[in-house]
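Please consult the sequence and the structure shown below while reading.

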Amino acid sequence: MMMKSVQRAFTVGLLLSVTGLASAAVMLKDGHPGKYYVKNGDTLWDISSRFLEEPWQWPEIWQINEEIGNPHLIYPGDEIRLSYVGGEPRLTVKRGVQETVMSNGVVKLTPRVREIANDEAIPMIPASAIAAYLKEGLVVTRQEIKEAPYVVGGRDRRVVFGEGDTIYARDNRTQWEELEQGYGVYRTGEQYVDPETNEVLGYEARQVGLARVSNHEGEIVSMRLTDSTEDIRIDDRIFSTEDRRVRAVLYPSAPETKIEAQVIRFFDRLNSVARNDVVVLNKGIRDGLKEGNVLDIFGKGEVVRDRQLGDNVALPAEKTGSLVVFRVFDKVSYGLIMESTRPIYMNDIAKSPAGSY
């Protein structure tokens, strides 16, 4: 009886039965392990892929334990174990132990508790793969570019500037009525166009520097560049650097509406992308996409010559991977490729997982 009580004290949550779900059926993966110990560097996606055919489905079958503040948080040292209750598979997550070094040098081992800092929890997707896009990337409209404050000059009549230099920026529209201490310096770049409708979906704004305000007089502010990844130029735009830090927990889910998007942009790749690369899709908030939505990627089928009838036949599209949407704008979104069985190309289709709508 004591052993069972101790085990209940460690247990942080149970996955619900894999049957009877309203969404797509959840299937255990062939050759799944009986248990797994969470390690530093793991992600929830990778761990789930050891047990489930579709890793993104783990939140759908997660049972909340009222004794734990947030059982979705998993930490290095925790044990994930597969068991069967009433003939149905369930996964239990059991807290690992936490080492505390006392003042006398003695190491005390205690069960991990819910007060553990959220930042120590493992992320759902690799944080390092998307950090720059959360902090530095923007998609803006032509009107937002037109109305944004801009660099008008710097000291000594120079036209390019770098870290440590002072620049002057002008806001002749609002005269900096909501002045902040820190800003990002952005350069507008690629125009995003829908490949089907030719609608302009937005403009890429790439952060090239950071600046802090040192003085303000009417339309003009003085700023000191605290960081620069490229030369700062006259006419570069100034935008707020809102907090876009990587969230420790990003819950994966199927879109609430049927989505069929296209890949319209790569970053730092020429011809194709694969696992852990970031792509831009031609769908966004207005289409129903949200952060955490999972989409399957399909490559266009090849066109082959039918030697019997003498005509050309388009082969069916094949699934080549999956992605998680981690940042959403009005008309476009950023997605991280989580799995790829073949190279993923421009204009490949990304759509709602089968059976989820």
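Rings of Phe, Tyr and Trp (its six-membered ring) are taken to pair if their centres lie within 6.5 Å. The model is predicted, and by this rule it contains 8 aromatic pairs. In one of them, the ring centres of Phe326 and Tyr334 lie 6.2 Å apart and the planes meet at 55°, so the pair counts as tilted. Phe326 and Tyr334 also belong to one aromatic cluster, together with Tyr133, Phe267 and Phe329. A charged residue is found at another ring: Lys351 lies over the face of Phe298, at 4.6 Å from the ring centre.

| Residue | Relative accessible area |
|---|---|
| Phe326 | 3% |
| Tyr334 | 1% |
| Glu204 | 7% |

The largest nonpolar core has 39 residues, and Phe326, Tyr334 and Tyr192 are among those with the most contacts inside it. Several elements each supply at least two residues of this core, including helix H3 (127-136), strand E23 (318-328) and strand E24 (333-340). Apart from this core lies another, of 16 residues, among them Ala261, Val263, Phe266 and Ile337.

Glu204 lies in strand E13 (residues 200-217). Which side chain makes a polar contact with the side chain of Glu204? The partner is Tyr192, at 2.7 Å. Beyond residues up to four places away in sequence, Glu204 touches Tyr192, Arg187, Arg265 and Phe267, among others.

Key
Residues are numbered from 1 along each chain as its sequence is written. This is a predicted model: local features need pLDDT of at least 70, side-chain atom pairs count only at pLDDT 80 or more; totals for chains, interfaces and linings use all residues. Side-chain values use heavy atoms; hydrogens and water are left out. Rings of Phe, Tyr and Trp (its six-membered ring) pair if their centres lie within 6.5 Å; planes under 30 degrees apart count as stacked, over 60 as edge-to-face and the rest as tilted. Buried means under 20% relative accessible area, exposed over 50%, partly exposed in between (1.4 Å probe, protein chains only). A charge sits over a ring if NZ of Lys or CZ of Arg is within 6 Å of the ring centre and within 35 degrees of the ring normal. A nonpolar core is a set of buried Ala, Val, Leu, Ile, Met, Phe, Trp, Tyr and Cys residues joined through side-chain atoms within 4.5 Å. Helices (H or I, at least four residues) and strands (E, at least two) are DSSP runs, numbered from the N terminus. A polar contact is a pair of N or O atoms within 3.5 Å; within protein, one must be able to donate a hydrogen and the other to accept it, and residues adjacent in sequence count only if both atoms are side-chain atoms. Contact means heavy atoms within 4.5 Å.
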